[in-house]
Amino acid sequence: QVQLVESGGGLVQAGGSLRLSCAASGSIFSINAMGWYRQAPGKQRELVAHITRGGSTNYADSVKGRFTISRDNAKNTVYLQMNSLKPEDTAVYYCNAALVRVGEYGLKDYWGQGTQVTVSS
């Protein structure tokens, strides 16, 4: 069994900052890419930021220069530092990991339960 547990969401004023964390645990052999997605009410889930095991990153245009993704491979944890938050960043943020489970072959996608981020104007 594999679990991804997110933390760090909440309510913040525009211009403020939040840091999200996502820890993966369970029968994990290795984790490849990790990422953060978000889904606002009435909208499709979208990629926010993505990081490879080696540390290469990419970001949605809407968050470039404001958000920073990082990871700690020893802790199977990915972070999202969000600065200069805007009301349009309000959404449920989901953690994603592409990983191989112990005793299995091939990458599979796993998702966290989501954490609410609300930015007030």
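The model is predicted; local features need pLDDT of at least 70, side-chain atom pairs count only at pLDDT 80 or more, and totals for chains, interfaces and linings use all residues. Residues are numbered from 1 along each chain as its sequence is written, and side-chain values use heavy atoms, with hydrogens and water left out. The protein has eleven strands and zero helices. Five salt bridges turn up in a search of the whole structure.

**Fold and overall size**

- Read from the N terminus, the elements run β-β-β-β-β-β-β-β-β-β-β.
- Strands (E, at least two residues) and helices (H or I, at least four residues) are DSSP runs, numbered from the N terminus.
- The radius of gyration is 14 Å, which agrees with the value near 14 Å for a compact globule of 121 residues.
- That radius is taken over C-alpha atoms, and the globule rule is 2.2 Å times the number of residues to the power 0.38.
- The C-alpha trace spans about 50 × 25 × 25 Å along its principal axes.
- Take the contacts between residues at least 6 apart in sequence: 56% of them join residues at least 24 apart. Contact means heavy atoms within 4.5 Å.

**Surface and burial**

- The accessible surface comes to about 6400 Å², and carbon and sulfur atoms hold 48% of this surface.
- Accessible areas come from the Shrake-Rupley method with a 1.4 Å probe; for residues, only the protein chains shown count as cover.
- Of the 121 residues, 40% are buried.
- Buried means under 20% relative accessible area, exposed means over 50%, and partly exposed lies in between (1.4 Å probe, protein chains only).

**Charges and salt bridges**

- There are 12 positive and 8 negative side chains, and the centres of the two sets lie 3 Å apart.
- Lys and Arg count as positive, Asp and Glu as negative; His and the chain ends are not counted.
- Each charge is placed at NZ of Lys, CZ of Arg, CG of Asp or CD of Glu.
- Side chains of opposite charge can pair when their charged atoms come close.
- A salt bridge needs a side-chain nitrogen of Lys or Arg within 4 Å of a carboxyl oxygen of Asp or Glu.
- R38 is buried because its relative accessibility is 6%. E46 has 36%, so E46 counts as partly exposed.
- D61 pairs with K64 at 3.1 Å, N to O. D61 is exposed at 64%, while K64 is partly exposed at 49%.
- K108 and E104 also pair, with their closest N and O atoms 3.5 Å apart. Both are partly exposed: K108 at 41% and E104 at 29%.
- A network of salt bridges links R38, E46, R66 and D89.

**Residue D89**

- D89 sits in the loop between β8 (77-82) and β9 (91-101).
- D89 is buried, with a relative accessible area of 1%.
- Leaving out residues up to four places away in sequence, D89 touches R38, R66, F67, S84, V117 and V119.
- D89 and V48 are 41 residues apart in sequence, and their C-alpha atoms are 10 Å apart in space.

**Residue S21**

- S21 lies in strand β3 (residues 18-26).
- S21 counts as buried, at 18% relative accessibility.
- Beyond residues up to four places away in sequence, S21 touches V5, E6, S7, W36, V78 and Y79.
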